[in-house]
Amino acid sequence: MHPLIKNVEYAVRGALPIRAEALSAELKAGKKLNFDKVVFCNIGNPQQLNQKPITFFRQVSSLCENPELLAPENRELLSKLYPADAIARAEVLLKNIGSIGAYSHSKGIPFIRENVAKFIESRDGYSANPEHIFLTQGASSGVQTMIQILTQNTSVGIMIPIPQYPLYSATISLVDAAPIPYYLNEEENWGLSTEDLKKSIEEGRKAGKDVRALVIINPGNPTGQCLSEQNIREIIDFCHKERLLLLADEVYQTNIYMPKERPFHSFKKVLLSMGEKYKDQELVSFHSTSKGMIGECGRRGGYFECVNIDEGVLEQLYKISSISLCPNVSGQIMVDLMTNPPVEGDASYAKYKSEIDGIFQSLQRRAIKLASCFNSLEGITCNAAEGAMYLFPRITIPQKAVEAAKEAKMAPDAFYSMAMLDATGVCVVPGSGFGQEAGTWHFRSTFLPEENLFDGFCSKIEDFHKDFLNKYRD
Ligand SMILES: Cc1ncc(COP(=O)(O)O)c(CN[C@@H]2CONC2=O)c1O
């Protein structure tokens with residue numbers, strides 16, 4: 001086996017979730033444990049925790065999956081089951097897709113790419129070219145393609161945030177490139193300064209690395225911070241000065257829980273607002289159907305948009321996309337629905353809006369509730385989630401527990417997380433899986449457990465934490 005495969009790590013589905021799956025299987029087999037179910041807080045997978053899908057999206061998708069339903073002889077029955085705008089949307093999609101069982105264009109269905117371009121234009125106020133948009137198998141495959149195409153040789157370095165979502169570190173190690181870490185500042189609510197970026201790139205170059213790109217995750221995963229417009233301008237200026245490609249991961253762009261204080265600004269909008277001097281700054285922005293209020297993770301829908309990327313590079317990207325033939329069509333349909341949902345006046349608009357608002361407000365409440373639970377615990381501090389789906393609390397681990405962790409050949413935060421799983425059935429991911437300042441320990445938890453179970457969820461963690469500290473108190 002290729003050594004790069006054996007060496008790669010991806011903590012979001014690492015040792016903790018593997019043990020959690022095993023415990024879940026034991027419960028299913030009737031074994032008695034300290035808890036009656038495993039709560040998977042290791043992954044931003046809302047529908048795994050019973051978040052309901054958006055009705056309109058499933059209505060249109062189901063009609064596209066079974067076009068027979070649209071036949072004239074079925075219309076009377078159909079109109080009792082589906083709203084007129086869902087029927088009309090499915091017809092338009094099928095007219096432009098043909099059979100959803102056929103391979104599509106390797107960059108994605110042109111009609112859908114045109115709709116994504118319209119979404120970007122209305123979001124940012126600047127034009128978007130459908131030919132510069134690639135639909136992908138979730139944002140993951142777009143990220144992997146970009147990092148692969150960037151890595152000309154093993155001296156290539158790619159700047160990634162610490163803490164970071166380990167898709168980046170894993171992909172960089174799989175192509176044998178070098179991660180060039182820049183640290184987010186926990187005391188500044190995971191803020192990012194260009195001084196830190198400069199320090200990071202200088203260290204990378206001193207180590208002989210050819211630093212090619214800067215990854216920004218905004219809103220952050222696992223840290224949940226949202227960048228200010230001013231900070232985005234500074235980052236773009238830094239990339240322009242250092243001739244770096246900007247990779248802007250914006251999959252949580254609608255998970256914005258403090259919209260007044262910390263609204264979302266796309267890197268594309270800010271870049272194009274900065275004028276002539278930056279007209280050649282290269283940017284690739286990523287989006288996904290897995291997040292937001294829709295959480296259609298399993299559909300594997302996503303896209304990336306290329307800005308100021310050379311036509312020759314776009315041709316290479318097209319060639320790479322054609323090797324895997326095409327992104328799955330049901331995911332492409334979900335991208336179309338995500339970027340062009342019902343609008344005011346449509347038959348489904350009221351229901352769509354109430355579903356989206358209901359999920360949004362519940363996420364907002366749960367983010368606040370879990371952060372306050374963590375902050376109430378001895379030795380834990382936790383920044384608020386300005387966005388995304390996670391909290392990343394910092395934990396002070398007693399020396400005795402540090403020693404016990406060493407005995408168990410585990411990082412202290414992994415030892416703590418494993419003890420939490422065994423005691424409560426709650427599966428989180430240790431901070432070591434995302435990277436963290438040396439000498440600090442964290443874990444990442446989603447705030448996705450159902451709201452009606454949330455108080456019980458929080459008190460389980462509180463009880464576990466008190467027991468853990470009492471057991472290992474110095
Ligand atoms: C910042 C970020 N980028 C890209 C992705 C990839 O998403 P898709 O491939 O599904 O579009 C994720 C998924 N979030 C992972 C999965 O769930 N929890 C996480 O941390 C993510 O958090």
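Is the crossing of helix 2 and helix 16 left-handed or right-handed? The crossing of helix 2 and helix 16 is right-handed; a crossing counts as left-handed if the near helix is turned anticlockwise from the far one by less than a right angle, and as right-handed if clockwise. Helices (H or I, at least four residues) and strands (E, at least two) are DSSP runs, numbered from the N terminus.

Before going on, a word on the model. This is a predicted model, in which local features need pLDDT of at least 70 and side-chain atom pairs count only at pLDDT 80 or more, while totals for chains, interfaces and linings use all residues. Residues are numbered from 1 along each chain as its sequence is written, and side-chain values use heavy atoms, with hydrogens and water left out.

**Two helix pairs**

Helix 2 (residues 15–28) and helix 16 (residues 412–424) pack at about 15 degrees with axes 10 Å apart. Axes are lines fitted to C-alpha atoms, for helices over the stretch in contact, and angles run from 0 to 180 degrees between N-to-C directions. That angle makes helix 2 roughly parallel to helix 16; angles under 35 degrees count as roughly parallel, over 145 as roughly antiparallel, 65 to 115 as roughly perpendicular and the rest as oblique. Helix 2 brings Ala15, Leu16, Arg19, Ala20 and Leu23 to the contact, and helix 16 brings Ala414, Ser417, Met418, Leu421 and Asp422. Contact here means heavy atoms within 4.5 Å.

For helix 7 (residues 138–150) and helix 8, the axes come within 10 Å and cross at roughly 40 degrees, which makes helix 7 oblique to helix 8. Their crossing is right-handed. Ser140, Val143, Gln144 and Ile147 of helix 7 meet Leu167, Tyr168, Thr171 and Ile172 of helix 8.

An open sheet of 7 strands runs in the order 2-8-7-6-5-3-4 with mixed pairing; two strands pair if DSSP finds at least two bridges between them. Strand 2 (133–137) and strand 4 (178–183) are the edges, each pairing on one side only. From one strand to the next, the twist averages 25 degrees. Strand 3 (residues 156–162) pairs with strand 5 (residues 210–217) in the parallel sense over 4 bridges, and Val156 has Asp210 of strand 5 as its bridge partner. Helix 8 (residues 167–174) packs on this sheet, touching strand 3, strand 4, strand 5 and strand 6 (245–249), with its direction at about 165 degrees to that of strand 3. Helix 9 (residues 194–206) also packs there, touching strand 3, strand 4 and strand 5.

Another open sheet has 3 strands in the order 10-14-13 with antiparallel pairing. Here 2 bridges join strand 13 to strand 14 (residues 443–446), and Val429 stands opposite Arg444.

**Backbone details**

Most residues other than glycine have a negative phi, and most peptide bonds are trans. The bond from Ile162 to Pro163 is cis, with omega near 0 degrees, and Pro163 lies in the loop between strand 3 and helix 8. The bond from Asn218 to Pro219 is also cis, with omega near -5 degrees. Arg243, not a glycine, has a positive phi of about 55 degrees and lies in the loop between helix 10 and strand 6.
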